[in-house]
Amino acid sequence: MRKLKKVAVGITTAGLVVAGGIATTVAVAGPAAAVGSSACTGDGSGLGTAKTTTGINLRNGPSTSYAILGFLGKGTKIDPECTDGSWLYGKVLTGANAGTWGWVSIPYLDPA
């Protein structure tokens with residue numbers, strides 16, 4: 001009988017991977033782990049649709065230290081869910097990343 005192996009590398013997110021009949025715990029390190037609406041400190045649902053004022057990055061957390069999920073061109077529309085300081089979390093409504101959820105910097109947004 002095979003034992004489970006643990007792999008620890010500054011764990012922020014962990015999961016169980018089963019390959020070839022062996023179950024192994026794996027870890028994802030660093031701030032690149034996605035942060036959804038759990039990081040929100042304010043409700044953005046009443047803000048109405050927003051649009052980008054310039055091309056900006058869509059990120060998986062409320063800071064430039066988080067991974068880039070995609071690029072949003074000028075005029076891309078976003079449906080806000082919530083905010084965290086100067087960051088907004090919402091669903092991209094238009095463009096190549098339509099349907100993707102992520103974080104954008106509020107100073108680069110205007111009401112749509």
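Predicted model: local features only at pLDDT ≥ 70, side-chain atom pairs only at ≥ 80, totals over all residues.
**Entry 1: ground rules**

I call a residue buried if it has under 20% relative accessible area, exposed if over 50%, and partly exposed in between, using a 1.4 Å probe and protein chains only.

Residues are numbered from 1 along each chain as its sequence is written, and side-chain values use heavy atoms, with hydrogens and water left out.

**Entry 2: the overall plan**

How many helices and strands does the protein have? I found 0 helices and 11 strands. Helices (H or I, at least four residues) and strands (E, at least two) are DSSP runs, numbered from the N terminus. Reading along the sequence, I get the pattern β-β-β-β-β-β-β-β-β-β-β.

Next I looked at contacts, meaning heavy atoms within 4.5 Å. Among those between residues at least 6 apart in sequence, 46% join residues at least 24 apart.

The protein exposes about 6,600 Å², and carbon and sulfur atoms supply 56% of that. Such areas come from the Shrake-Rupley method with a 1.4 Å probe; for residues, only the protein chains shown count as cover.

**Entry 3: strand β8 and its partners**

I say that two strands pair if DSSP finds at least two bridges between them. Which strands pair with β8? I found β4, antiparallel over 2 bridges. Strand β5 (residues 50-52) is also joined to β8 by 2 bridges, and these two run antiparallel. With β9, strand β8 pairs in the antiparallel sense over 6 bridges.

I picked out one residue pair for each partner:

- D43 has C82 in β8 as its bridge partner.
- A50 stands opposite I78 in β8.
- P80 has G90 in β9 as its bridge partner.

I also checked the turn. The hairpin of β8 and β9 has 2 residues between the strands, and G85 there takes a positive phi near 65°.

From β9 I followed the pairing onward: 5 bridges join β9 to β10, and the two run antiparallel. Y89 has W103 in β10 as its bridge partner. Strand β10 (residues 101-105) is mostly covered, with 4 of its 5 residues buried.

**Entry 4: the disulfide**

I searched the whole structure for disulfides (pairs of cysteine sulfur atoms within 2.5 Å) and found 1. This disulfide joins C40 to C82, with 1.6 Å from S to S. C40 lies in the loop between β3 (22-29) and β4 (42-43), and C82 in strand β8 (residues 77-84), so the pair ties together parts that are 42 residues apart in sequence. C82 is buried, at a relative accessible area of 6%.

I looked at T83 too, which is found in strand β8. T83 is buried, with a relative accessible area of 15%. Leaving aside neighbours within four places in sequence, T83 is in contact with several residues, including C40, L88 and W103.

**Entry 5: the core**

Which residues make up the largest nonpolar core? I listed 9 residues in all: A50, I56, L58, L72, I78, L88, V92, V104 and L109. A nonpolar core is a set of buried Ala, Val, Leu, Ile, Met, Phe, Trp, Tyr and Cys residues joined through side-chain atoms within 4.5 Å. I noticed that β6 (56-59) and β9 (87-92) each supply at least two residues of this core.

Leaving aside neighbours within four places in sequence, V92 is in contact with residues including L58, L72 and I78. L109 lies in strand β11 (residues 109-111) and is buried, with a relative accessible area of 12%. Beyond its neighbours within four places in sequence, L109 is in contact with residues including A50, I56, I78, L88 and V104. From L109 to G75 I count 34 residues in sequence, and the two are 9.0 Å apart in space, C-alpha to C-alpha.

**Entry 6: a loop serine**

I placed S65 in the loop between β6 and β7 (68-72). Its side chain makes a polar contact with the side chain of S63 (3.0 Å). A polar contact is a pair of N or O atoms within 3.5 Å; within protein, one must be able to donate a hydrogen and the other to accept it, and residues adjacent in sequence count only if both atoms are side-chain atoms.
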